[in-house]
Amino acid sequence: MGFDKALALAKDPVAVAKHSFWPLMAYKVETYKIKEDTTTGILSTHEKSRGIAYAAHSDSYILSYYCHKLAEIYEKVVESKGIGDAALAFRPLGKSNIDFAKEAFEEIRRQGNCTAIALDITKFFDRLDHSLLKRRWKELIGLSELPKDHFAVFKVLTKYSKVDRNEVFAALGISVHNPRNGRRRVCDPSEFRSKVRESNLIITNNESFGIPQGTAISALLSNIYMLEFDVAAKAFAKSVGGKYMRYCDDMLFIVPTSASISVKGFAEAEIKSLKLEVNPDKTDTCDFNKVAGTDYLETKRPLQYLGFLFDGQRILIRSAAFAKFSNRMKRGVNLAKLTMRSRNTDRTSGGLVERDIYLKKIYSRYSHLGGRNFLRYGYRAAKAMESPAIRRQLRPLWGRLKHLIES
């Protein structure tokens, strides 16, 4: 389906209401997360699996269009309720996690003697309650019932059907490593019926909670779901002289220490009323106190927020991020060496001279010479946060890369 035709479909409420949506294509992103114990500094590796689902071509146009429509209303509501500095993620603010972390640390410095309470919601997207989401959706558009087209989109995100990408590829004889291979689509309707549906590969969400993560509209719906909580949380934090910020499922309260217990109790109770749960393993409470006669703060444990650490004086990138990057850099260089050895075997057998490994891609990915990589991100953060400590963290990486190349 071409762009013009797809856009015409998305803009036609009657057509959307009658549209037969394809099952979502689902797959899992398996990552190894390196976690640092802030008390001992010991790093440990944990396997993390996150489910991602994406819509078929025509369906994605519809979801994107309704995301655009709802986002326009949501932004107006956010402005009218004065929570633009509280709900941070998935919005056109022109800022990144670096900016949000900087604002949080500056607020701690401004308050001086205070407590930072970081809370995380357990399995956020997987636990969003459908009835509450529907209520928030209706409230946002100002109607007592969802119009038929909106309800059709709502059903796609709640009573969704999905198929495992690898299982579908296997059923259709598609290579996982080269799925396109000249194809314009995964399958046509007849192939879908005979090879996918008949093989019972379709899984339907029969629960009363959970939306897929990865569609064009999923992130916005999570913000809509949390809208009233954001309003209440900002008001509560302000009432005790503090500040509230939320980045997706990561919430941060910065309040006078005397109010920390009441704020934590408020947040946990409000989250429970949303039929969600606070993850106790990721709850972090950090007390900051002014050092007498100085502008510095001290804390027994640094605050971890959006990938950064703040100990009252220095802003650092978490050690776990460096460990993860170093492992990735080592694997990348070793793979480049193996590839070049294989090619040199072919070259020498053909009477050609051996060549050294290609450094352009290595430097692009793992050094400050690249345009978009971990080091460029780190230097950008160091500049934005005026943090010499981050620059010192980054300095040894060039030497490690040269050692890996030369060893």
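**Entry 1: what covers α3**

I looked up what lies over the buried residues of helix α3. The cover includes α1 (3-10), α2 (13-18), α5, α6, α9 and α10 (227-239). I note here that this is a predicted model.

Next I listed the buried residues of α3. They are Ser58, Asp59, Ile62, Leu63, Tyr66, Cys67, Leu70, Tyr74, Val77 and Val78. I kept the helix rule in mind: with 3.6 residues a turn, residues three or four places apart point the same way.

Then I checked the length of α3. The helix runs over residues 57-81, which is 25 residues. At 1.5 Å a residue α3 should span 36 Å, and its end C-alpha atoms are 36 Å apart, so the two agree. Just after α3 I found Gly82, with a positive phi of about 70°.

**Entry 2: α5 against α9**

I turned to two of the helices that cover α3, namely α5 and α9. Helix α5 takes in residues 130-141, and helix α9 residues 218-225. Their axes are 9 Å apart and they pack at an angle of about 85°. An angle of 65 to 115 degrees counts as roughly perpendicular, so α5 is roughly perpendicular to α9.

Which residues in α5 and α9 meet? From α5 I noted Leu132, Leu133, Arg136, Trp137 and Leu140. From α9 I noted Leu221, Ile224 and Tyr225. By class, the contact has seven nonpolar residues, one charged and no polar.

**Entry 3: Thr158**

I picked Thr158 in helix α6 (residues 148-158). Is Thr158 buried or exposed? Its relative accessible area is 1%. The cut-off for buried is under 20%, so Thr158 is buried.

I then looked for its contacts, not counting residues up to four places away in sequence. Thr158 touches His130, Leu133, Asn205, Gly210 and Ile211. Leu133 had already come up in the contact of α5 with α9.

**Entry 4: aromatic rings**

I counted the aromatic pairs and got 18. I took up the pair of Phe308 and Tyr377. Their ring centres are 6.2 Å apart and their planes are at 35°, so the pair is tilted.

I placed both rings along the chain. Phe308 lies in strand β11 (residues 308-310), and Tyr377 in helix α14 (residues 374-385). The pair therefore ties together parts that are 69 residues apart in sequence. Phe308 is at 0% relative accessibility, so I logged Phe308 as buried.

Finally I looked up the aromatic cluster around this pair. Phe308, Phe322, Phe325, Tyr366, Phe374 and Tyr377 form one cluster.

Technical notes. Residues are numbered from 1 along each chain as its sequence is written. This is a predicted model: local features need pLDDT of at least 70, side-chain atom pairs count only at pLDDT 80 or more; totals for chains, interfaces and linings use all residues. Side-chain values use heavy atoms; hydrogens and water are left out. Axes are lines fitted to C-alpha atoms, for helices over the stretch in contact, and angles run from 0 to 180 degrees between N-to-C directions. Helices (H or I, at least four residues) and strands (E, at least two) are DSSP runs, numbered from the N terminus. Angles under 35 degrees count as roughly parallel, over 145 as roughly antiparallel, 65 to 115 as roughly perpendicular and the rest as oblique. Contact means heavy atoms within 4.5 Å. Ala, Val, Leu, Ile, Met, Phe, Trp, Tyr, Cys and Pro count as nonpolar, Asp, Glu, Lys and Arg as charged, and the others, Gly among them, as polar. Buried means under 20% relative accessible area, exposed over 50%, partly exposed in between (1.4 Å probe, protein chains only). The expected span of a helix is 1.5 Å times one less than its number of residues. Rings of Phe, Tyr and Trp (its six-membered ring) pair if their centres lie within 6.5 Å; planes under 30 degrees apart count as stacked, over 60 as edge-to-face and the rest as tilted.
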